[in-house]
Structure formats: C-alpha cells, structure tokens
Amino acid sequence: MQNDKKKKIKLIFEGSVLCNGTENNSARSGIFFVAQNLLSQFSKYEDLDIFLFLPYTTKQNISQLKNMGVIPNNCSIILNHFLIPVFFNSILKKCDKKNDNILKKIIRFTIFRTKRLIYIIQVFLISVKILTESYDVYFSPVNNVPKIIQKIKKIKKYMVIHDLIPIKLKDFYENQGIYRMRPMEKTLKSLDNSVNYFTVSNSTKQDLLECNSKIKKDNVEAVYPAISDYSLTTDKNSLNIRQKYNIPDKKYVLSLCSIEPRKNVIFAMKNFINFTEKYNIQDLIFVQAGGIWHEYINEFENFYNSVPKDKILKIGYVDDEDKALLYSEAFIFFGAYLYEGFGLPVLEAMRQGCPVITSNSSSLPEVIGNAGIIISPQNDTELQEAYKALYYNNDVRNQCIENGLKRAEEFSWEKTGSKIIDKIKQDLGYENII
C-alpha cells in the first residue's frame, strides 16, 4: 500500500455481537463490551473509515444503538437490507426454551436456519463489495471470518479469539454438544493463516496454538481488554443500590458472573458457608449476581434452595450502571473461576478497590498479577483460608486493595486499540499519521 497521507484505511467491522445491545440482559456480556470498546477506539482514528456490518438488526435498532453510544456517529452502516429479524425475534421470544415442545423446536430450528441463510447472502454481497471497491481490512471482534472472505487476498483479515472454553472444558459441555461444542469445533478447524488473530490473553494464545497446529505463532498476538465505562462510575447512593437488590446492611462477598459450571459458584458458596459457620461470623453474606444458564438451572436451584438465606443471596441480573457501586461496596470479590479467556470482572473489582480472590488457572494470573489472593480453584482449604485472611487481617486487605488499584491502571482501551491498529497499519505498510 502506498504511503499517502490523504488515503484512509477502509475497515469493515463485523458488528453482529452489538445487535443485542439495546436490551439490558445477559447478551451484554464481556464479549459485547469488548466489541463496543474496540469500535469506540477505532472510531477515534482520523485515518480510518469504519464500515459497520450489522447482519441481524434494523434501522430502528441502529438508531437506538447510536443514541446509547454503542455505535459512534462517524461509522457507516453497510448492507443492512433485511427487516426480518424483528419478526424473527418476536417469534423466538414466544418460543423460548421454557415449556419446550416439538413445535417450538421446529419453529426455532427453522428461524435459526433462515437467519443463517440471510447471513450467508449478506456475506456474499459484502464479498462483492470488497472485490469491486477498495476496502482494506475485515475485522471481526468475535465471529469467524467467513470462508468466502478468507479467500479474498486483496483484503487483510483479523479476528479476536476470546477463549476456547468448550474445547478446554469438554466435560461441562457434553450435554450441550450441538449448542456449544460443535460451533466451536467447526470454527477452530476452519482457522488458518489467511487470517491474523488477536487473543485476549497469552493463555488464550497458547490454547489456540495448541488446539490448531496449522496456525503460525507469528499470526497470533495477545492484546488485553480493559475496563468498560459502566465499571468506572460510582455516583449512585449505596443505600439505594442495596434497596434495589435487597442486600441487607452487612458486609458482603460479591460474585458477579453468569451462573454456569466453570464459574465455580457452588464451590464458592459451600466454602463461604463452612467458613462463616466455623468462625461464627454473623456480619458477612455472599451475594451472587448474574443470570443462570438454562442447562444449569436445576443443579444450581437445588443447591440454592438448600442453603440458609441469611448467608447466601441471589440477586439475578445487574444493570450495567449499578455494577461499579456493587464492586466498590463489596468486602471481597470472588473470581476463582476454572477457566477464563481473560476475566474482566476481576479487573473491574480491582478498579473499584475491592480485594479479589482468584484462581491459578488459565489467564487469571495474567490479570491479577500480585494484586490479590490466588488459589487452586477446587481446593476448599485454600479458599477458606483466603476468606479468613481478607476478613480478619486488615494488612492483607489493604495491600490487596492498594495493589489492585495500581494493577488496574495498567489496562486501558486506548492501549488495546492502539496495539491492534498499529499491527494492522504495519501489515498494510501504512505509516501512522496521527
């Protein structure tokens, strides 16, 4: 590419993960916020033209996403031809997985297949635009780069790999093979060196290289995510937050995550109960925030119904704007997960001055550094000792808080965006003009 200061890089940003951003629910997960923040950072570069590909949304949703700040105003929208998703989504809500029957399964299957066909058509149309116009980059913050686009040599392709959870934790997914395992296995097999990959940690980079020997090490670069805006502000009144979520006036251990096997929530709760009963602690409770996997509801609910409610409180999904205050009010944050591609909640908790217990598995030591207590995620004794240290020892608490605040400052979306864009410009032979 010639060095021309007037020429801008034309970048297609695959934004399907952003399409659910108009609703405050579990779809606004860590992956959603990574995509949103990357798009926001990219939009700040004067030498980039961003073309946002939104396959499953409408003009009305686009307006909402812009008003909410999810889509920057200087991004162009391409190939938003289909209004069918509104119809699809209204039917899917009526055919949810509760009270399932054969007819609902057939309807859901048909809708998903039809949406897939629409996506294929749109990818084909994008491919035609790439071949006939001068696009430079196709960037996907989560989904695999389509095969037809992988074959177009004139455009640089990039994809973010967040984790390989269904591959690394097969035992947890054996009952959800079609839903979770097969898409990941299919994606993993399709990856090759026609695409460049960004992973959210060095741990995920290593997992990717181990699971797909075709990919060259030089084609993978680790870039850390950072903290989303919702986890920065604590302007709201703490009393109102406690009233909103029915949290009593006690110290609390906070767990904020989707309730699924790898999050280790039952392990955390069992040991919390044993710890508080052993030392007769009355002023501390365990607060579990987050939605529950459909496949995991029965196991979790059976456990939850058996525990004393004065010790364990389930508050469900938490609005984005409330998370920072919940972190800052918490006495301890539990983040000792079995596996994480990165582990944003651990970073968010440190940012709000909450001491963290995390695990020695996957990427979590990369996130925590020396700023918290690291345990083996299935060792009862280690977790109870961690609870004890943070409850009884103010020196340990204060050191964790101080180190956590310093550690959190090392992560920023500006650094993340800069590292990605610098790599893209280097691959294009394009000099940085900002």
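Predicted model: local features only at pLDDT ≥ 70, side-chain atom pairs only at ≥ 80, totals over all residues.
Local features need pLDDT of at least 70, side-chain atom pairs count only at pLDDT 80 or more, and totals for chains, interfaces and linings use all residues. Residues are numbered from 1 along each chain as its sequence is written, and side-chain values use heavy atoms, without hydrogens and water.

Student: How are the rings of Phe 13 and Phe 139 arranged: stacked, edge-to-face or tilted?
Tutor: Rings of Phe, Tyr and Trp (its six-membered ring) pair if their centres lie within 6.5 Å; planes under 30 degrees apart are stacked, over 60 edge-to-face, the rest tilted. Both residues are buried. Their centres are 5.5 Å apart, with 35° between the planes. The pair is tilted.

Student: Why is the pair of Phe 42 and Phe 139 classed as it is?
Tutor: Phe 42 is in helix α1 (residues 30-42) and Phe 139 in strand β4, 97 residues apart. A strand is a DSSP run of E, at least two residues. The ring centres lie 5.1 Å apart. The planes meet at 75°, so the pair is edge-to-face.

Student: Which lysine lies over the face of Tyr 135?
Tutor: A charge sits over a ring if NZ of Lys or CZ of Arg is within 6 Å of the ring centre and within 35 degrees of the ring normal. Here the distance from the ring centre is 4.7 Å. The residue is Lys 10.

Definitions and conventions
Buried < 20%, exposed > 50% of the residue type's maximum accessible area, 1.4 Å probe, protein only. Helix = DSSP H or I, 4+ residues; strand = E, 2+ residues; numbered from the N terminus.
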